[in-house]
Amino acid sequence: MDAFEKVFEAKLEAEEKIEPKDWMPEKYRKTLIRQISQHAHSEIVGMLPEGNWITRAPSLRRKVALLAKVQDEAGHGLYLYSAAETLGVERATLLDQLHEGKAKYSSIFNYPTVSWADIGAIGWLVDGAAIMNQVMLTRASYGPYARAMVRICKEESFHQRQGYEIMMTLSNGSEEQKAMAQDALDRWWWPSLMMFGPSDKESTHSAQSMAWKIKRKSNDDLRQQFVDVSVPQAEYLGLKIPDDKLKWNEERGHYDFGEIDWDEFWNVIKGNGPCNEERLAARVKAHEEGEWVRDAALAYAEKHSNKQKVEA
């Protein structure tokens, strides 16, 4: 290793943050760009499954809470795009990659939200899985990413509680409402387990990300942790997790669970999920229709900057 590599490795070993002006291996930089941008895309695309329920939420309280949540997701995307930009990549480039289908986002957002209970299931399970993955990212070796995750995790924990409260209300309601909650759990359980990515033996990036201390736990370890936490939560709601192989393993101290349908996982990742085309088309449409807002903001910023120069 040369001197720069030695300093980089020493910082990782000492649990010091790598900052934008520090030297870093090119592969480390590219890995961060891929991961952070994918995370940012997921936050932005993740607004879509819930956004169309804002006007259909069953009460004004629910509408306001869901609107606030969707607004939070937009903010998360902006934090993360800003963190990615510190690595020398333009935000416009990242968005072009998303809109052209060259960049990935979480497969979970390619499933439809067909009932109000889905909003509860997303908050409880999807945001719960996200928190499980993201809490460790608050200790990521790259400073801007870790600091962005601190605020994001605080807001995501609120989203999870919001979703669980919806599921509890439905579970304690009429038979029809409880059936709606069970149906949502049936449809969102397995896609939520898929959120942690491929199994460790199939993951092409996980080992290196852990070596660089970007990630702190493997996909399978996080998935197991999520199952262990979620099972008692479902039991408290009086709902049944749709897995006949789910059972407590006294020897392991964990729940055993069934095999994920990896064919479905890879099919959705490759763009063939129920809503892949719909989600991407909605994002492209929103970006194109919002061009005038970006142009106006740039024009105002330039005018303000020129005015300051004249006054100086």
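Start by selecting L98, which sits in helix α5; helices here are DSSP runs of H or I with at least four residues, and strands are E runs of at least two, numbered from the N terminus. The model you have open is predicted, so local features need pLDDT of at least 70 and side-chain atom pairs count only at pLDDT 80 or more, while totals for chains, interfaces and linings use all residues. Residues are numbered from 1 along each chain as its sequence is written, and side-chain values use heavy atoms, with hydrogens and water left out.

**Stop 1: around L98**

L98 counts as buried because its relative accessible area is 1%; buried means under 20%, exposed over 50%, and partly exposed in between, with a 1.4 Å probe and protein chains only. Now show the residues that L98 contacts beyond four places in sequence: H41, V45, Y81, A103, Y105 and L280. Contact means heavy atoms within 4.5 Å.

**Stop 2: α4 against α5**

Next, colour helix α4 (residues 60-85) and helix α5 (residues 91-99), which pack at an angle of about 115° with their axes 9 Å apart. Axes are lines fitted to C-alpha atoms, for helices over the stretch in contact, and angles run from 0 to 180 degrees between N-to-C directions. On the α4 side, select L78, Y81, S82, A84 and E85; on the α5 side, select R91, L94, L95 and L98. This contact of α4 with α5 holds 6 nonpolar, 1 polar and 2 charged residues. Here Ala, Val, Leu, Ile, Met, Phe, Trp, Tyr, Cys and Pro count as nonpolar, Asp, Glu, Lys and Arg as charged, and the others, Gly among them, as polar.

**Stop 3: R279**

Move on to R279 in helix α12 (residues 276-289). Is this arginine, R279, buried or exposed? R279 is buried, because its relative accessibility is 4%. Leaving out neighbours within four places in sequence, R279 is in contact with V45, L48, P49, Y105, F109, N110, Y111 and P112.

**Stop 4: the largest nonpolar core**

In soluble globular proteins, nonpolar side chains tend to be buried together. The largest nonpolar core has 76 residues, and those touching the most other members are Y28, I36, Y142, Y145, W188 and W189. Helix α6 (residues 116-134) gives the most to this core, with 10 residues. Such a core is a set of buried Ala, Val, Leu, Ile, Met, Phe, Trp, Tyr and Cys residues joined through side-chain atoms within 4.5 Å.

Centre the view on Y145: beyond four places in sequence, Y145 contacts L32, Q35, I36, H39, L80, A83, L137, A140 and I214.

**Stop 5**

Select M167, which lies in helix α7. M167 is buried because its relative accessible area is 0%. Not counting residues up to four places away in sequence, M167 touches A117, G120, A121, W124, A181, L237 and L239. The C-alpha atoms of M167 and A117 are 6.7 Å apart, although the two residues are 50 apart in sequence.

C153 is also placed in α7 (residues 143-171), and counts as buried because its relative accessibility is 11%. Beyond four places in sequence, C153 is in contact with Q134, V135 and T138.

**Stop 6: α8 against α10**

Colour helix α8 (residues 175-194) and helix α10 (residues 219-237); they pack at about 150°, with axes 9 Å apart. From α8, pick W189, S192, L193 and M194, which meet R223, F226, V227 and S230 in α10. By class, this contact of α8 with α10 has 5 nonpolar, 2 polar and 1 charged residues.

**Stop 7: two positive phi angles**

Select E15, in the loop between α1 (3-13) and α2. Phi of E15 is near 60°, a positive value in a residue other than glycine. E15 counts as partly exposed because its relative accessible area is 45%. Then go to K213, in the loop between α9 and α10, where phi is near 65°, again positive in a residue other than glycine. K213 is buried because its relative accessible area is 18%.
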